[in-house]
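Please look at the sequence and the model first.

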Amino acid sequence: MTNARAGTAPALDVITIGRASVDLYGQQIGSRLEDVTSFAKSVGGCPANIAIGTARLGLRSALLTRVGDEPFGRFLREQLAREGVNLDGLKTDPERLTALAILSVESDASFPLLFYRENCADMALAEADIEEAFIARARAVVVTGTHFARPGPEAAQRKAMRLMRQAGGKVVLDIDYRPNLWGLAGHDAGDKRYIASAAVSERMKTVLPGCDLIVGTEEEVLIASGESELVAALETIRALTPATIVLKRGPMGCIVYEGAIPRDLEDGIVGRGFPIEVYNVLGAGDAFMSGFLRGWLGGESLRTAATWANACGAFAVSRLLCSPESPTFAELNYFLKHGSRHRALRKDEDINHIHWATTRRRQIPSLMAFACDHRSQLEELADRLGADPARIGTFKRLAVKAAARVAKGRPGYGMLLDEKHGREAMVEFARHSFCWLGRPVEEPGSRPLRFEAGRDIGSALPEWPVDHCIKALCLYHPDDPAELKREQQDTLRGLFEASRRVGREVLIEIIAGRNGPLGTDTVARALEELYALGIRPDWWKLEPQASPAAWAAIEQVIARHDPWCRGVLLLGLDAPAEDLEASFAATAGAPIVKGFAVGRTIFMSAAEGWLSGRLDDEAAIADMAARFEALTGLWLATRDRKAA
């Protein structure tokens with residue numbers, strides 16, 4: 001489809017208009033909202049959810065609404081940007097707060113829901129916010145029922161519909177009926193889905209003629225038509241508009257009607273259904289709409305669009321949150337091809353892994369990390385020099401300043417810092433624009449692997465910032481005694497499961513050469529064994545290999561088991577710079593190696609000088625910065641030679 005006015009292909013596939021809120025979901029499933037003690041935060045609101053859902057499925061989406069000029073408004077803006085949603089239509093309202101929705105899953109049929117929307121930012125959307133040039137950039141707009149409940153946003157949506165029609169695009173209506181947002185029920189009735197209202201019906205009936213696609217549940221079709229019986233409701237809508245009508249029927253999927261409404265409603269167009277466990281229905285309709293739009297705007301048949309919609313709705317209804325649970329196109333295709341042996345899709349490890357890997361918060365195609373997470377080595381150095389070990393934390397803060405001096409805010413730079421001595425350093429780290437921070441959890445030198453925080457590592461992780469990556473060093477050799485291997489494998493599996501439960505990435509560092517011979521296939525065999533246990537870390541950190549064949553074997557194992565793996569970081573093991581240069585060069589034929597995480601080569605000389613009093617702060621920073629910059633130069637040079 002081309003733009004009728006400009007004669008050029010629109011830059012956007014769809015603009016969604018209306019509600020945008022912060023959702024706070026109770027994490028204690030089966031609890032009354034009164035008894036919930038912790039919440040998960042996510043983007044919410046029907047149009048915002050659809051903007052994210054369609055973006056994940058490969059459409060070029062935008063959200064047109066208002067958010068507050070405060071942390072929650074900035075959260076929405078930043079998360080939408082991470083999801084790939086165009087923000088040109090997202091206005092910041094300096095006078096109003098971002099809307100909130102607070103909810104819990106009490107049972108599979110009860111979802112207490114509170115809306116905090118009094119004079120909220122998105123309900124202040126006005127005609128002036130609807131710019132003709134912006135609407136003309138899209139192939140379609142999605143308007144939503146809730147925003148016809150107040151004069152200002154109603155006028156804004158009608159203007160958008162009119163402009164889209166003039167531009168030759170399509171208008172989509174998600175009926176999105178919430179009785180208490182129309183003033184028909186009290187604050188405590190947020191989860192109530194239907195209250196008949198002649199006033200609401202009359203208003204919605206004036207919207208229908210301007211639509212090309214209308215999507216709603218049975219109750220929403222009733223309210224949009226003003227009828228009390230489903231057949232009559234569909235016939236009334238058809239009398240008002242030739243639009244394609246999609247009737248959502250919950251677990252039964254949907255039926256699509258084009259042209260005359262059949263006497264037998266089952267004679268409409270029906271997509272493939274997916275029987276799954278109902279966990280939380282909130283947000284399922286938004287995922288459904290996203291799937292339908294991906295097919296409808298992508299030129300697929302209505303049957304295919306309905307199938308994709310049903311599948312996307314199945315994902316959402318089987319998971320807890322709204323927008324975070326919408327599938328990506330890779331995830332959708334995997335499910336359509338392979339299905340799942342689980343009725344509760346959230347329990348399918350393969351699907352969950354694809355979802356996790358394709359919705360990461362940022363892309364990191366390469367990474368050069370200054371590793372300053374060493375604890376025992378610096379403690380031993382301080383003891384040898386007679387220095388106060390409390391100064392180690394201050395030194396690590398200097399290391400962060402050195403790394404920042406090299407990175408200069410550019411992408412591809414990161415650090416490793418520890419909890420024990422690196423708290424000050426992590427505060428300093430947050431002041432700079434690095435792309436990655438890894439934090440060790442292992443007890444230094446432990447074999448079998450032990451965690452510094454104790455056995456219950458999972459209880460410590462929720463306190464971490466969401467962007468901090470778990471790092472665990474395991475001294476693991478595939479020829480280790482069976483009992484030792486089993487214990488280490490169980491520990492790593494537990495850590496991996498904990499990382500996924502709390503939504504943190506994990507890097508597993510394997511050092512094999514310290515406890516056995518390092519042959520061509522040694523590390524590849526180690527990785528093979530861990531993958532066989534279902535351990536799929538985001539990153540591997542590995543020691544230098546003796547030959548290109550060893551790297552090829554490693555790459556083959558990763559590609560076979562986890563094509564979504566971010567990659568391998570090369571560790572340094574206190575090697576001199578010239579040895580690291582050779583190690584870097586040896587990885588030139590291994591694209592899976594994305595960078596390095598090197599520490600002692602960079603900081604040990606400065607640490608000795610600073611702790612002994614020979615170097616002041618600036619001299620220590622300059623020394624580390626020079627060494628880190630030299631290493632990054634060596635690494636980038638090997639990549640440049642490979643590209644050439």
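Which residues are buried in α15?

## Basis of the model

The model is predicted, and local features need pLDDT of at least 70, side-chain atom pairs count only at pLDDT 80 or more, while totals for chains, interfaces and linings use all residues. Residues are numbered from 1 along each chain as its sequence is written, and side-chain values use heavy atoms, leaving out hydrogens and water.

## Helix α15

Buried here means under 20% relative accessible area, with a 1.4 Å probe and protein chains only; in α15 the buried residues are L484, K485, Q488, Q489, T491, L492, R493, L495, F496, A498, S499 and R500. These residues pack against α11 (349-358), β17 (468-475), β18 (506-511) and α16 (522-532), where contact means heavy atoms within 4.5 Å.

After α15 comes G503, which has a positive phi near 70 degrees.

## Helices α12 and α19

The axes of α12 (residues 376-385) and α19 (residues 600-611) come within 10 Å and cross at roughly 25 degrees, and the two helices are therefore roughly parallel to each other, a term used for angles under 35 degrees.

In their contact, Q377, L378, L381, A382, R384 and L385 of α12 meet R600, F603, M604, A607, E608 and L611 of α19.

## Residue T587

T587 lies in the loop between α18 (577-586) and β21 (593-598), and this residue is buried, its relative accessible area being 0%. Leaving aside residues up to four places away in sequence, T587 touches W551, L570, V593, W635 and R639.

How values were computed:
Buried means under 20% relative accessible area, exposed over 50%, partly exposed in between (1.4 Å probe, protein chains only). Helices (H or I, at least four residues) and strands (E, at least two) are DSSP runs, numbered from the N terminus. Axes are lines fitted to C-alpha atoms, for helices over the stretch in contact, and angles run from 0 to 180 degrees between N-to-C directions. Angles under 35 degrees count as roughly parallel, over 145 as roughly antiparallel, 65 to 115 as roughly perpendicular and the rest as oblique.
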